Structure formats: C-alpha cells, structure tokens
Amino acid sequence: MSSTKTLSTLPARYAAGERRGIASICSAHPLVIEAAFLEGLATEMDVLIEATCNQVNQEGGYTGMTPADFRHFVEEIAAHVGFDTRRLILGGDHLGPNPWKHLPAEEAMQRSEVMMDAFVRAGFTKIHLDTSMGCAGEPVALSDAVTAERAARLALVAEKAAAESGFDLPVYIVGTEVPIPGGAMEALGHLELTSPEAALETVEVHRRAFAAVGLESAFARAIGVVVQPGVEFGNENVVVYDRAAARDLSNVLARMPQFVFEAHSTDYQPASALRGLVEDGFAILKVGPGLTFALREALYGLDQIAAVLDNGPETLRQGMEALLLAEPKNWQKYYHGNEAELRIQRHFSYSDRIRYYWPHPAAAALVEGLFQRLGDRELPETLVSQYLGALYPAVAAGTVEAKARPLALEAIRNVIRTYNRATI
C-alpha cells in the first residue's frame, strides 16, 4: 500500500470506529525535516510534509524553492537519514491565488494553475484547494459558490498533471475556515467554531462544482474538510481544544463518511487535547511554528551552555536580535507593544515569526558558529539540566547523546512524538 493510499483510507477507518490520524509537518527547516524522518524511522510511521503556496511555488516562494526543488531538498534529507521515501507523503497547503491576490482574478488564477501543475508533477499528492480569498477589486472573502468553482478549476489542472506524472493520483482537502497563518496577533479568548451546517455546505458546494466540470472521480478522492475546531494560538496564549464545545461539529462526520476534518494551528496543544482531536475526527493535525519554537528553545539553551563552558559571551540571541531589527518585515506588523514587549515577542512569541529568519545567511552562520563552538563534545548533564531541562530526562536515561546537534534534533522530535502518539 502506498503512503497516499494510507492517507486516503483515513475517513473509512474513522467511519468504522478506528480513531487514528496523521501529523502534518508544515516546515521547510532542514533540522525539522530531519527530525521528522528520524521519528518516522523509529516508529515505522509514514511522514507527511507540507509546503504552502507562499513558501514554495513556481516563482520560488519565500524559500526560493519550486515544488520540484522542495521535493529534491526533502529527499536529500531522507537519504541522509536512511528514511524510505516510499513512506513519504508530500502535501501542498492553501494552493490557490493567495500569492497573487493583488492581481486581477483571472491573472491570479492563471498563475495558480501553473503552480498547481508544478506541485502535482513534482509528486505532491495531498492537495489543499484554497481559493477563498478575493483578488484585486473583489471582496476580501468570496462566496462559497465562487470559491468552489475556482477550486474545481484548479482540480482540473491537478488531474491532468497527475495522469501524466506517474505519481499517485492526489487526494483533496477542501474548506478554508482556518486561523491566521502563524497564529493570531493578539491575546485570544473565545473562538467561533465552524457550524455543522457550514461543514456540510462546504462539502456539497464543492461536490456540485466538481460535478459541473466532470470531476466526479476526482471528488471521490476528496478526504478532508478544513474547519475551525476551536484551537488557536496568539503571541502569548493558546486556546486549548474543548471537546464538549466541538461535539456537534464532530458528530456531523456521521453524515459525511467520505471525510475527516483537518485541523490547522494545533501547535502547543497539550497531548490530551491532540488525542481528543483525533478521537473526534480531526484526523489530520497540522503543526509548524511549534516545531521551530522548540528548535529555537534548544538553540538558545545551547548558546547559554557554550557561554558557561568557555566563559565567553552568548552570541546567538544577540546576533538574531541584530538581524531582526535590521530586517523587520517578517515580524513588524504582527507584534505590538512597547519596546520591551516587542523585544520579547521577537524571540519568544508563540507565533514564532523568528522562524522566517533561520534560512538567512547571517542566521545560518550564527547557528553554524554555535555548533562549531560546541563541536562534538559531550556536554555536562548538569548544564543540560540547567538550560535544556525538557531534554534532561532522555540524556540521563542514555537515550540521547548530550551533544549539540542531537539535542537540537531531540527538542523537535519531542514535539513530533507528541503528535505521533496522539494519532495512533
């Protein structure tokens, strides 16, 4: 059974009473991807890695990678780790006109078609169709009918590309009720959950739109609906899943057995909440900022350890602060407050917008300098306890080497492990 087929069976398994799911790793950081593959090796589980339309597209996105580039990048890491790529699923998230919504709708959709073709020909087999955003001269949010019509238009491109690519035919995710990418910009309280009626309508309007262009067989491979189950995070707080509040939404899956729900922004949810989500049919758990947040914690802890060991300065946080101030475009409009509050948010916000800076040559040089500074030496357990407390139990038990790179990877793996345990 191919990994895509494994994914496509999630709804039938849920309808049959099997409460399982899959974690979706939404990151382009090489250490995050390596950690995901290491966990996949340890658990013999499939690994789902997703790229968004802004991150990766035919014009390079903010990573500078096309879909084919991203596949090559991921497969190189898999080869280094020894992970069998037959157990890798690649997903395209929010595929639609978002990167070009400043353009007239027809031009934006034409570019979206080129992007869709590139994703599917590169072997991305989990496709989230997201055409809900208005383009130049249109309302910010479009009607369900227009959204579904445009989604079906992109699905036509995907089907043709898939038939010619030699990869598995794609499975589709529909629906767009998602939180702000990267988390909300303010403290959060009550969230408005998707209503059961809205979830049913999303499915039916897409079913009609696909049928109108002769894509009934493609819609039969639609497996997921993106909804708001009541999970989100802001800069400083996390809204934890409330099973009772989501009961009506969860129960509607009995009326649409072709589908499970896909939950975005599940970062920082406690293990019990993640398991509750899966048991309630939110079988696809997307996580991104939570992974790079854990990596940043580990890197800053390692920087503190290095300073103690050689009685020198900490260099990473100060260097990153200089970079963040010199190039504020990725955080400035998302963080609010006085200078002290902004300084804390730049480094420690749950929204983790510092993650956009790690690929920057200056940041990469700082991290490489830190790894070289610590080298391959065994770090004292007492310093791991002091500055990387969450990793100390594994070091003390002898399951993780007390060395810089293994510790950074273990910090990410800890998060992925929580997700994997919630899905089995």
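A salt bridge here is a side-chain nitrogen of Lys or Arg within 4 Å of a carboxyl oxygen of Asp or Glu. By that rule, three salt bridges turn up between domain 1 and domain 2 of this predicted model. One of them joins E39 to R413, with the closest N and O atoms 2.7 Å apart.

As for the domains themselves, the assignment puts residues 3-287 in domain 1 and residues 292-423 in domain 2. Their C-alpha centres lie 28 Å apart. Where they meet, 37 residues of domain 1 and 28 residues of domain 2 take part in the contact. Together the two sides bury about 2,800 Å², and carbon and sulfur atoms account for 65% of that area. On the domain 1 side, the residues that lose the most area to domain 2 are L31, E39 and N235, which together make up 24% of what that side buries.

Turning to secondary structure, four elements of domain 1 each bring at least two residues to the side that touches domain 2: the strands β1 (22-25) and β10 (284-287), plus the helices α3 (30-43) and α10 (271-279). Of these, α3 gives the most, with nine residues.

Searching the whole structure gives 16 aromatic pairs, and one aromatic cluster is made up of F70, F73, F119 and F124. Two arginines also sit over rings. R296 lies over the face of F293, 4.7 Å from the ring centre, while the charged end of R346 is placed over the ring of W331, at 4.9 Å from its centre.

Key
Residues numbered from 1 in each chain as written. Predicted model: local features only at pLDDT ≥ 70, side-chain atom pairs only at ≥ 80, totals over all residues. Heavy atoms only, no water. Phe/Tyr/Trp six-rings, centres within 6.5 Å; stacked < 30°, edge-to-face > 60°. Lys NZ or Arg CZ within 6 Å of the ring centre and 35° of its normal. Domains from an automatic or database assignment. Contact = heavy atoms within 4.5 Å. Buried area = accessible area lost by both parts, 1.4 Å probe.
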